[in-house]
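The sequence and the model are shown first, and the discussion follows.

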Amino acid sequence: MASSGRFIKFITFGLPFGITLGFGMLSSPKIARAAGITLDLGNSATQQTGTSLQILMLLTVLSLAPAILMMMTSFTRIIIVLSFVRNALGTQQLPPNQVLVGLSLFLTFFIMTPTWNQINTNAVQPYMKNQITQTEALVKAEEPIRMFMFKQTREKDLELFVGLSKMERPKTYRNVPTYVLIPAFVISELKTAFQMGFAIFIPFIVIDMIVSSTLMSIGMMMLPPMMISLPFKLLLFVLVDGWHLVVESLVTSFH
């Protein structure tokens with residue numbers, strides 16, 4: 001069970017640790033050379049087996065990287081809210097999916113930078129200087145991410161998964177397992193994103209209702225209301241500087 005817990009912790013927090021480590025090495029070539037990272041395959045069967053397991057764990061982390069990035073950061077809330085904005089405007093595929101995903105990723109990097117800086121200071125740099133072991137580095141990298149998720153997670157959602165796991169009621173946040181925290185954080189993010197999406201839809205629904213009522217009153221039943229309301233919605237969105245307001249609301253919602 002202990003080895004299984006360490007494996008789950010490695011899978012869960014290995015990606016942010018690796019990303020921060022990669023940025024640190026890219027920004028400082030001297031550190032990269034000083035690290036002297038090598039892969040010793042070994043000669044004995046035991047060493048080869050251990051190396052094979054390490055490679056398997058590394059490949060597992062890489063395969064789970066998109067899920068870790070989406071589910072344990074601010075990405076989920078951002079991409080859903082931006083999708084609501086596009087649907088509310090009724091612009092079909094504008095902005096394209098690539099633009100929305102790219103903007104969501106950069107906003108995620110912007111929001112998560114303080115967390116990743118803590119990981120870099122407390123885990124990556126001491127590990128690269130051989131001051132702590134890999135296990136200690138993963139434990140230190142875990143704390144800032146858990147703190148970020150706890151701040152965005154509703155207690156009601158946390159209680160739900162604590163009850164579903166049939167575990168004893170935790171006395172402190174430190175006693176909450178990570179496998180309980182992550183799904184609670186995800187459904188909290190979904191609820192927050194849908195609340196923001198509802199607020200975004202309201203002014204555009206009003207415009208659609210006004211245009212539809214006007215067209216019906218003058219007897220233009222064959223003219224699609226969306227064709228007339230779309231320019232007005234775009235005009236309203238531009239006049240109020242909609243992208244500025246949406247991005248500002250998204251970033252401040254994490255504080």
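Is Thr73 buried or exposed?

The model discussed here is predicted. In it, Thr73 is buried, its relative accessible area being 6%, which falls under the 20% limit for that class. This threonine sits in the loop that joins helix H4 (65-71) to helix H5 (75-89).

Beyond the neighbours within four places in sequence, the contacts of Thr73 are Ile68, Thr108, Met112, Phe148, Phe185 and Glu189.

Helix H9 spans residues 178-217 and comprises 40 residues. From its first C-alpha to its last it reaches 58 Å, close to the 58 Å expected at 1.5 Å a residue.

Just after H9 comes Gly219, whose phi is positive, at about 80°.

## Helix H11 and the segment after it

H11 has twelve residues, and the distance from its first C-alpha to its last is 16 Å, close to the 16 Å expected at 1.5 Å a residue. Gly242, Val246, Leu250 and Val251 are buried in this helix. Viewed down the axis of H11, the buried residues fall within an arc of 155°, so they line one face of the helix. An α-helix has 3.6 residues a turn, so residues three or four places apart point the same way.

His255 belongs to the segment after H11. With a relative accessible area of 82%, His255 is exposed. The C-alpha atom of His255 is separated by 9.0 Å from that of Gln152, although the two residues are 103 residues apart along the chain.

Which residue in the loop between helix H6 (97-128) and helix H7 (134-152) deserves attention? Asn130 is found there, and its phi is near 60°, a positive value in a residue other than glycine. Asn130 is exposed, at 70% relative accessible area.

Asp241 lies in the loop between helix H10 (225-239) and helix H11 (242-253). Its relative accessibility is 43%, and Asp241 therefore counts as partly exposed, a class that runs between 20% and 50%.

Methods
Residues numbered from 1 in each chain as written. Predicted model: local features only at pLDDT ≥ 70, side-chain atom pairs only at ≥ 80, totals over all residues. Heavy atoms only, no water. Helix = DSSP H or I, 4+ residues; strand = E, 2+ residues; numbered from the N terminus. Buried < 20%, exposed > 50% of the residue type's maximum accessible area, 1.4 Å probe, protein only. Expected span 1.5 Å × (residues − 1). Arc of directions from axis to C-beta. Contact = heavy atoms within 4.5 Å.
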